[in-house]
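Here's a quick tour for anyone meeting this structure for the first time. Take a look at it, then read on.

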Amino acid sequence: GHGYATESREALLSHFRSSISKIDGPNPVYVEARVNPSNAGSLRVLGKLRFQRIGFKEMEGPKLFPAGDWR
């Protein structure tokens with residue numbers, strides 16, 4: 001890719017963190033990402049953004065794309 005996904009998410013996270021630090025001070029802030037574990041590109045972007053995998057949860061409820069997988 002061209003790095004657009006990583007660049008846009010870096011900007012979003014930077015803005016979010018600076019906004020939260022004004023409200024919450026030095027307390028840690030956690031950001032959750034949901035991704036299809038078979039989507040290697042999305043996992044790569046999260047890795048570049050220093051996300052850490054701390055768990056896995058199957059999605060509950062109806063499937064968003066019941067006719068098949070969307071990637």
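What follows covers the chain overall, a charged pair and a pocket.

## Ground rules

This is a predicted model, so to speak with some care built in: local features need pLDDT of at least 70, side-chain atom pairs count only at pLDDT 80 or more, and totals for chains, interfaces and linings use all residues. Residues are numbered from 1 along each chain as its sequence is written, and side-chain values use heavy atoms, leaving out hydrogens and water.

## The chain overall

The protein chain has two helices and zero strands (DSSP runs, H or I of at least four residues for helices, E of at least two for strands, numbered from the N terminus). Of its 71 residues, 7% count as buried, meaning under 20% relative accessible area, with exposed over 50% and partly exposed in between (1.4 Å probe, protein chains only).

## A charged pair

Which residue forms a salt bridge with Glu 32? Arg 34 does, with the closest N and O atoms 2.9 Å apart. The count comes to one salt bridge (a side-chain nitrogen of Lys or Arg within 4 Å of a carboxyl oxygen of Asp or Glu). Glu 32 is exposed at 61% relative accessible area, and Arg 34 is exposed at 65%.

## Who contributes to the pocket lining

In the lining of the second largest pocket, H2 gives the most, with four residues. By class, that lining has three nonpolar, five polar and two charged residues (Ala, Val, Leu, Ile, Met, Phe, Trp, Tyr, Cys and Pro count as nonpolar, Asp, Glu, Lys and Arg as charged, and the others, Gly among them, as polar). A pocket here is an open set of points on a 1 Å grid over the protein atoms alone, where a 1.4 Å probe fits, with protein on both sides within 12 Å along at least five of seven lines; lining residues have an atom within 4 Å of a point.
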